[in-house]
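Reader: I would like to go through the labels attached to this model one at a time, and to hear for each of them what it rests on.

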Amino acid sequence: MKGMDSMAHEVKGVIARSKGAPVELTTVVVPDPGLGEALVRIQACGVCHTDLHYREGGIGEDFPYLLGHEAAGVVEAVGDGVSGLEAGDFVILNWRAVCGQCRACRRGRPWYCFSTHNATQKMTLTDGTVLSPALGIGAFAEKTLVAAGQCTKVSSQVKPEVAGLLGCGVMAGLGAALNTGQVGRGDSVAVIGCGGVGCAAVLGARLAGASKIIAVDIDDRKLAWARELGATDTVNSRETDPVEQIRALTGDNGADVVIEAVGRPETYTQAFYARDLAGTVVLVGVPTPDMRLELPLLDVFGRGGALKSSWYGDCLPDRDFPMLTDLHLAGRLPLEKFVSETIALDAVEEAFAKMQRGEVLRSLVTL
């Protein structure tokens with residue numbers, strides 16, 4: 001083990017002890033990094049819908065969960081076998097530590113890696129109860145243990161509360177536009193659902209040079225956020241048919257790329273019919289297991305184009321995180337606009353409530 005004497009670390013962390021129960025702040029035991037692992041001191045972590053899904057039992061039943069995953073911090077130590085990473089490095093944590101060996105990696109598509117990995121050692125409660133870290137990270141804590149490949153070095157000039165946003169939701173939205181949707185200069189884009197991920201897709205479309213960016217939501221507050229981040233037009237779908245409005249705003253053609261950031265059959269169907277012939281639909285909203293989609297197969301054939309799903313914005317952290325943070329430092333990517341508030345570790349439960357009420361784009365835990 002490199003960088004420090006062997007010891008376990010008792011830190012404060014936020015856990016979900018059982019399905020649906022309020023989260024609690026407690027003491028977490030974090031071991032020293034072993035082979036291929038890194039110990040990271042967390043500086044900031046976003047409150048993401050995925051953490052709420054863990055608390056509600058929507059992802060698994062391996063309670064108790066150590067929540068938090070959208071994070072940035074400083075490496076305190078690395079274990080044996082780690083190269084290219086050392087104590088003092090400022091990193092964004094990612095949940096896609098590519099293996100380099102699976103069929104996706106061998107085909108040159110590591111953003112589809114089928115064998116991503118996490119730390120081998122387990123973090124626990126003080127009584128020895130093993131914790132399941134959310135997305136293999138567990139960053140609602142003063143320190144966490146991850147696989148070294150989950151650490152992506154970026155410039156230390158970036159504020160932690162901004163850098164951490166790229167760890168999940170904002171990257172998912174940016175990548176849905178830039179990577180999966182491959183939005184190009186002059187394209188027309190519609191984004192259905194303007195929470196954190198959808199607003200990031202709006203920003204990604206703007207960065208790519210889209211000429212028209214149509215934001216769709218049922219909440220005027222979210223539409224205002226989308227306009228601030230680059231939307232040229234907004235549609236309140238509670239008041240009007242979004243398909244008709246998107247077509248009217250694109251010369252009755254439909255948008256070149258429609259990004260669905262809700263994850264529901266109804267909104268996906270709207271996205272399907274709101275795109276131009278040979279246009280692209282990108283699903284980045286996460287559906288639940290019970291949802292089903294029904295479309296006339298003739299329409300799927302006749303409209304052509306592409307129907308895509310975007311996993312983590314099809315990002316490659318080592319490629320995308322440094323590029324995007326450099327764009328932010330150059331003033332071209334206003335990530336700070338996503339930060340609605342900064343909070344302490346003991347305010348995560350209230351942040352979940354604000355998120356559910358649609359009051360925030362992102363609450364950021366800072367440590």
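Reader: Which residue of β5 is the bridge partner of A44, and what makes β3 and β5 a strand pair?

Author: In this predicted model, the bridge partner of A44 in β5 is A72. Strand β5 covers residues 70-78, and eight bridges join β3 to β5 in the antiparallel sense; since a pair calls for at least two bridges, the label applies to β3 and β5.

Reader: Which residue of β18 stands opposite A44, and how do you know that β3 and β18 pair?

Author: A44 stands opposite T366 in β18. Strand β18, residues 362-366, pairs with β3 in the antiparallel sense over three bridges, and the requirement is at least two. Strand β9, residues 143-147, is also joined to β3, by five bridges and again antiparallel, with E37 standing opposite A147.

Reader: What makes β3 a mostly covered strand?

Author: Strand β3 runs over residues 37-46, and nine of its 10 residues are buried, where buried stands for a relative accessible area under 20%.

Reader: Why is β11 called largely enclosed?

Author: Five of the five residues of β11 are buried, so β11 is largely enclosed by the rest of the structure. Both of its faces are covered, with S188, A190 and I192 buried on one side and V189 and V191 buried on the other.

Reader: Which strands pair with β11, and over how many bridges?

Author: Strand β12, residues 212-217, pairs with β11 in the parallel sense over five bridges, and K212 in β12 is the bridge partner of S188. Strand β14 pairs with β11 in the parallel sense over four bridges, and there E260 is the bridge partner of I192. Together with helix α5 (residues 196-208), β11 and β12 make a right-handed β-α-β unit.

Reader: Why are β7 and β8 said to stand at the edges of their sheet?

Author: The open sheet has five strands in the order β7-β2-β1-β4-β8, with mixed pairing. Strands β7 (124-125) and β8 (132-133) each have a single partner strand, so one side of each is left without a neighbour in the sheet.

Reader: What makes F272 and Y273 an edge-to-face pair?

Author: The ring centres of F272 and Y273 are 4.9 Å apart and their planes make an angle of 90°.

Reader: Why is F272 called buried and Y273 partly exposed?

Author: F272 has a relative accessible area of 0%, whereas Y273 has 24%. Buried means under 20% and exposed means over 50%, so F272 counts as buried and Y273 as partly exposed. F272 is one of the buried residues of helix α8, residues 265-274, and the buried residues of α8 pack against elements including β11, β14 and α9.

Reader: How do you know that R303 lies over the face of F272?

Author: R303 is placed at 5.9 Å from the ring centre of F272, and the distance limit is 6 Å. R103 lies over the face of F114 at 4.0 Å from the ring centre.

Note on methods
Residues are numbered from 1 along each chain as its sequence is written. This is a predicted model: local features need pLDDT of at least 70, side-chain atom pairs count only at pLDDT 80 or more; totals for chains, interfaces and linings use all residues. Side-chain values use heavy atoms; hydrogens and water are left out. Rings of Phe, Tyr and Trp (its six-membered ring) pair if their centres lie within 6.5 Å; planes under 30 degrees apart count as stacked, over 60 as edge-to-face and the rest as tilted. Buried means under 20% relative accessible area, exposed over 50%, partly exposed in between (1.4 Å probe, protein chains only). A charge sits over a ring if NZ of Lys or CZ of Arg is within 6 Å of the ring centre and within 35 degrees of the ring normal. Helices (H or I, at least four residues) and strands (E, at least two) are DSSP runs, numbered from the N terminus. Contact means heavy atoms within 4.5 Å. A crossover is right-handed if, with the strands pointing away from the viewer, the path from the first strand over the helix to the second runs clockwise.
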